[in-house]
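Please keep the sequence and the model at hand while reading.

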Amino acid sequence: MKIHEYQGKKILKKYGVPVPEGGVADNPLDAKKIAESFGKTVVVKAQIHAGGRGKGGGVKVVKGPDEAEKAAEKILGMTLVTHQTGPEGRLVKKVLIEEGMEIKKELYLGITIDRASSKPVIMASEAGGVEIEKVAAETPEKILKETIDPALGILPYQARNLVFGLNAAPENVREMTSFIIKLYNSFKGEDCSLAEINPLVITGDNRVLALDAKISFDDNALYRHKDILELRDLDEEEELEVEASKFNLNYIKLDGNIGCMVNGAGLAMSTMDIIKLAGGEPANFLDVGGGANEEMIENAFRILLSDKNVKGVLINIFGGILRCDTLAKGIVQAAKHLNIQIPVVVRMEGTNVKEGKEILKASGLSLISESDMKNAAEKIVKEISS
């Protein structure tokens, strides 16, 4: 789950991570009132779940409250398009008003989970203010890393290694070391999947501040953080993904035209790969999970078909906890209720597969049954192409 920058900074502040003084507004007049608390220079920042806001016109540095009001008036209500929003952009409903400052140095600092080591990794770079993906591709030697043992937590020497690697001035070493430790504590304490500060700045008066904050959380841990769950902004999420979450379905919308219904994340990834290998394009990632019932199967179908780009569906199920006969009953029920008019290829193997195939055959529905995964992918691609 993602949250807005202003929400992330509030969480960081709880852990003692220094952030600029600021306030959030949803109208120009409130933006002006907040700006009156600061000096001559004020920053007005659009709040959406995407990076690159400055390049898209969503961040303005202005002089005084009156200009802050005018900037907020321009930004609020705009559809902000960045490299992370896609061409459709995102509607700006709130702005963050922050104190302006003299910036002496911009750095990058981020924490995420390294899947190779199954441990948190802290990344730092002197190339702050730039997309870390670009730095990794063009100048990977500029990225410093420290892998953290979760049983021990971050050790002071690891934070100092990063600080010295960033060529910090002597007067900033202590504060930067403290910043890194506190950021890790917030990452661990809130069950984050990502805590990214870009840029981390050194100001003219030698303050170390999180000028930006991109925080994401592990969805599987949200039951421990009801307060964080309340920060969810459904307007910033894909409508079909929100709908799927209501039924405990793992759904991610993609740009293709072949809908996928699979049980298990690994099988779902393999299914998308084999569709592309067959010359098609997957329209989604949809994992119904091992414990799906007939109702969940029907809801999964309904969500798949709600995507107007979907021209065909490939169902790829390995029966285990989710038995093939349960899947088949759900498919038949969905087909009758939803009046499916597009080709559907069903590939089933595993528990009660014989019973499942008999249910599909007896239904009288024009479903295409296939036992081989490769053949199933080729058939759905052929069906939507003919």
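Against which strands and which helix do the buried residues of H2 pack? In this predicted model, they pack against strand S1 (22-25), strand S2 (41-46), helix H3 (64-75) and strand S6 (95-99), where contact means heavy atoms within 4.5 Å.

Because the model is predicted, local features need pLDDT of at least 70 and side-chain atom pairs count only at pLDDT 80 or more, while totals for chains, interfaces and linings use all residues. Residues are numbered from 1 along each chain as its sequence is written, and side-chain values use heavy atoms, with hydrogens and water left out.

**Helix H2**

Helix H2 covers residues 28-35, and Ala31, Ile34 and Ala35 are buried in it; buried means under 20% relative accessible area, exposed over 50%, and partly exposed in between, with a 1.4 Å probe and protein chains only. These three residues are on the same side of H2, because they cover an arc of only 100° around the axis, the arc being that of the directions from the helix axis to the C-beta atoms. In general, an α-helix has 3.6 residues a turn, so residues three or four places apart point the same way. The N-terminal end of H2 is capped by Asn27, a side-chain oxygen of which lies 3.2 Å from the backbone nitrogen of Leu29.

**The chain as a whole**

The secondary structure of the chain comes to 13 helices and 18 strands, where helices (H or I, at least four residues) and strands (E, at least two) are DSSP runs numbered from the N terminus. The chain has 386 residues, of which 47% count as buried, and its C-alpha trace spans about 75 × 45 × 40 Å along the principal axes. Among the contacts in the chain with a separation of 6 or more, 68% are accounted for by residues 24 or more positions apart.

**Two pockets**

Pockets are found on a 1 Å grid over the protein atoms alone: a pocket is an open set of points where a 1.4 Å probe fits, with protein on both sides within 12 Å along at least five of seven lines, and lining residues have an atom within 4 Å of a point. Grid points are joined across faces, edges and corners, and a volume is the space filled by probe spheres set on the points.

The largest pocket has a volume of about 1500 Å³ and is lined by 32 residues, of which Asp219, Glu237, Glu241, Tyr251 and Ile252 lie nearest its centre. Helix H8 (239-245), strand S13 (250-253) and strand S15 (284-287) each supply at least two residues of this lining, and S13 gives the most, with four residues. By class, the lining has 10 nonpolar, eight polar and 14 charged residues; Ala, Val, Leu, Ile, Met, Phe, Trp, Tyr, Cys and Pro count as nonpolar, Asp, Glu, Lys and Arg as charged, and the others, Gly among them, as polar.

The second largest pocket has a volume of about 1000 Å³, and its 42 lining residues include Gly52, Arg53, Asn198, Pro199 and Asp212, which lie nearest its centre. The lining of the second largest pocket divides into 17 nonpolar, 12 polar and 13 charged residues.

Pro199 belongs to strand S10, and the peptide bond from Asn198 to Pro199 is cis, with omega near 10°.

**Selected residues**

| Residue | Relative accessible area |
|---|---|
| Gly153 | 9% |
| Asn172 | 3% |
| Asn299 | 10% |

Gly153 is found in the loop between strand S9 (143-147) and helix H5 (156-165); not counting residues up to four places away in sequence, Gly153 touches Ile148, Gln158 and Tyr184. Gly153 and Lys188 are 35 residues apart in sequence, with a C-alpha to C-alpha distance of 8.7 Å.

Asn172 is in the loop between H5 and helix H6 (173-189), and its side chain makes a polar contact with the side chain of Asn206 at 3.4 Å. A polar contact is a pair of N or O atoms within 3.5 Å; within protein, one must be able to donate a hydrogen and the other to accept it, and residues adjacent in sequence count only if both atoms are side-chain atoms.

Asn299 has its place in helix H10 (residues 294-306) and, leaving aside neighbours within four places in sequence, is in contact with Phe247 and Leu249.
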